[in-house]
Amino acid sequence: MKIQLNGIRDERFERPLHHITQLFFEESDLHFGVVENAELTVSILITEEADKVVVTGVGVLANSSKKFESMFENSFKEAETEKKRFTLVKGAVFYVFLTILQDVTGMIQQWGILTGIRPTKLLHKKLQEGKTKEQAHAELREDYKILDSKINLMQAIVDRQLAVVPDLYHLEKELSIYIGIPFCPTKCAYCTFPAYAIGGKQGKVDSFLGGLHYEIREMGKWLKENNINITTIYYGGGTPTSITAEEMDLLYEEMYESFPNVDKVREITVEAGRPDTITPEKLEVLKKWNIDRISINPQSYIQETLKAIGRHHTVEETIDKFHLARSMGMNNINMDLIIGLPGEGVSEFQFTLDETEKLMPESLTVHTLSFKRASEMTKNKEKYKVADRREITEMMGLATQWTNEHGYSPYYLYRQKNILGNLENVGYSLPGQESIYNIMIMEEKQTILGLGCGASSKFVHPVTGKITRFANPKDPKSYNDGYEKYTKDKIAILNELFDLEKTK
Ligand code: SF4
């Protein structure tokens, strides 16, 4: 849809208005000012007065005389600062634009004008500021136009998170650690993670692990010297179980020796994502080092789908490896499912849920396929036939109903850009089996230190909450060339963050 938008002169509005447009149209083409052959023209008028802002908008479709009108007024009564005034003007403009697009398309946006990827973070913030649930909900409803069904979902998730991590608002003096292992048996078609097919590259793996051991040692030294404890540790990638059992053993030994108080870490997770990497030897190693949370990811239980997306393992392998892990004492297994994989509709997804019922993993993450730019699928969109928005929404509804009927509750959620049908990804778990790391990464209440390839660190300032990011390189070669420097740089940021220079 080619849209001409008149009346917007402030550049700060442009990006969010693009995002709002993308919620409605798979192929959106938004222009600020006059453009030839616009299919829809929206004119916005912003009238700022001393005590309020009034925004009106009119949308007209080409070849039609029908008008779509909207109006919104925001009072400046509680806007003490210029920034707050701007937020109110922005909110009014977004609301008017959103409602016009809703009327034009007949589509209702359940998340209103909220385009951020972490809705629950917003609710946590309001509650932490001392607002009551009722006040916070009213603000979400009025300022963002979020529907009650989504506000209730957010509240259920926030309640659950605070039950699992009662000190969630006071964990800023600890940190969590993410360790990235960038190898996989083969590369899946939709993948945008740092993942390099491992076949025949042992030299590369050896040098990478050398660098990773170094980072763990140095960071561990710093944490011990500064009495900083670790809340959770997460091995992701790639596929952390794509290295050999012996390499895994040495890595976990390093973790226990270098990091402080590993026995007090609340959770250690290893993504064993691809079932074709799981062996009894590797499971023994995980057990030996008390790692009991793993992720085995079927994505789908339909063989043709797995083939189409380039996952070279069979459905039976997923099921067999799940039973093997169970029989060897793994009592907290997560499984990832993806809605909207190529060629899959409601009946295929129902089949996947039926198969999941036979296994009953402790937690289940339901993703909606997003067309991330870099992935193979985006480059070949014609080759991969995917369900439309209506069907995706139906599948999401099935997942909600199924998890509810089987005793799972949602405990974290995030939204993605370019996500089919503008839905969310939701993590469900059986009671008491929530992943604390997932809560940490979503709610950004403490620093996540990233070690290894493609690992990004998110430094959360313990007082202001300001976030600084630092990314280790994605490819093993650059990592191998620079891991000493990256370690040093991160230690410098940590020193500043925890204000350690002054106290030394
Ligand atoms: S297993 Fe995961 S990380 Fe590896 S290629 Fe597939 S999607 Fe990417």
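This is a short walk through a few helices in the structure above.

Okay, some ground rules. The model is predicted, so to speak with care, local features need pLDDT of at least 70, side-chain atom pairs count only at pLDDT 80 or more, and totals for chains, interfaces and linings use all residues. Residues are numbered from 1 along each chain as its sequence is written. Helices (H or I, at least four residues) and strands (E, at least two) are DSSP runs, numbered from the N terminus.

Let's start with a pair. Two packed helices are described by the angle between their axes and the distance between the axes. For us, axes are lines fitted to C-alpha atoms, for helices over the stretch in contact, and angles run from 0 to 180 degrees between N-to-C directions.

Helix 1, residues 14–24, packs against helix 2, residues 82–105, at about 20°, with the axes 10 Å apart. That's why we call helix 1 and helix 2 roughly parallel (angles under 35 degrees count). Which residues of helix 1 and helix 2 make the contact? From helix 1 we have Pro 16, Leu 17, Ile 20 and Phe 24, and from helix 2 Phe 94, Phe 97, Leu 98, Leu 101 and Thr 105. Contact here puts the C-beta atoms, placed from the backbone, within 7 Å. By class that's eight nonpolar, one polar and no charged residues. In these classes, Ala, Val, Leu, Ile, Met, Phe, Trp, Tyr, Cys and Pro are nonpolar, Asp, Glu, Lys and Arg are charged, and the others, Gly among them, are polar.

Next pair: helix 6 (202–225) and helix 7 (245–258). Their axes come within 8 Å and cross at roughly 15°, so helix 6 and helix 7 are roughly parallel too. On the helix 6 side, the contact uses Leu 209, His 213, Ile 216, Arg 217 and Gly 220, while helix 7 brings Glu 247, Leu 251, Glu 254, Met 255 and Ser 258. This contact splits into four nonpolar, three polar and three charged residues.

Now helix 15, residues 476–497. Where does helix 15 bend? At Gly 482, by about 70°, taking the angle between axes fitted to the seven residues ending there and the seven starting there. Its buried residues include Tyr 483, Tyr 486 and Lys 490; buried means 20 or more other C-beta atoms within 10 Å, and exposed means 12 or fewer, with partly exposed in between and C-beta atoms placed from the backbone. Helix 6 is among the elements covering them, along with strand 16 (447–452).

Last stop: Lys 288 sits in helix 8, residues 280–288. Buried or exposed, then, for Lys 288? Exposed, because 12 other C-beta atoms lie within 10 Å.

Conventions. Parallel < 35°, antiparallel > 145°, perpendicular 65-115°, else oblique. Contact = placed C-beta atoms within 7 Å.
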